[in-house]
Amino acid sequence: MNIELLVVPDCPHAGPAAELLRRVLVRIGLDDAAFTTRVISDTRAAEAEGFTGSPTFMADGRDLFAEPGRTPGIACRVYRTPGGLAGLPGLDQLRRALLGASASND
């Protein structure tokens, strides 16, 4: 599985998002899995990637938290979590999303 973290320049959630992703990969037994962090810095790149906000978690080119109808662009992203709106998904939300992506690759 190709895992990417897409962020905008100077995203305040980039570091915490990378740490969350590492924690989740360890929890699901993918301790050795690597991921890349890619900076999306202009509208053209955002549109090409279908990037709807920073941070975005991708698996095999698919946004793990895609919401139909969201317009691509350079922006911060807000996630719906059990605790309310947040700049990152919850650990269990990301775990379920990655497990779902992994299962669809089998």
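A: Helices (H or I, at least four residues) and strands (E, at least two) are DSSP runs, numbered from the N terminus. In this predicted model, the protein chain has 3 helices and 6 strands.

Q: In what order do the elements of the protein chain run from the N terminus on?

A: The order is β-α-β-α-β-β-β-β-α. Residues are numbered from 1 along each chain as its sequence is written. Because the model is predicted, local features need pLDDT of at least 70, side-chain atom pairs count only at pLDDT 80 or more, and totals for chains, interfaces and linings use all residues.

Q: Which strands are joined to β3 by bridges?

A: Two strands pair if DSSP finds at least two bridges between them. Strand β1 (residues 3-7) runs antiparallel to β3, with 4 bridges; Ile3 has Ala59 of β3 as its bridge partner. Strand β4 (residues 62-63) is also antiparallel to β3, with 2 bridges, and Met58 is partnered by Asp63.

Q: How many residues lie between β3 and β4 in their hairpin?

A: There are 2 residues between them, and Asp60 in the turn has a positive phi of about 50°.

Q: Are the faces of strand β3 covered or open?

A: A residue is buried under 20% relative accessible area, exposed over 50%, and partly exposed in between (1.4 Å probe, protein chains only). In β3 (residues 56-59), Thr56 and Met58 on one side are buried, as are Phe57 and Ala59 on the other, so by this definition both faces are covered. Across the protein chain, buried residues make up 40% of the 106 residues.

How values were computed
Side-chain values use heavy atoms; hydrogens and water are left out.
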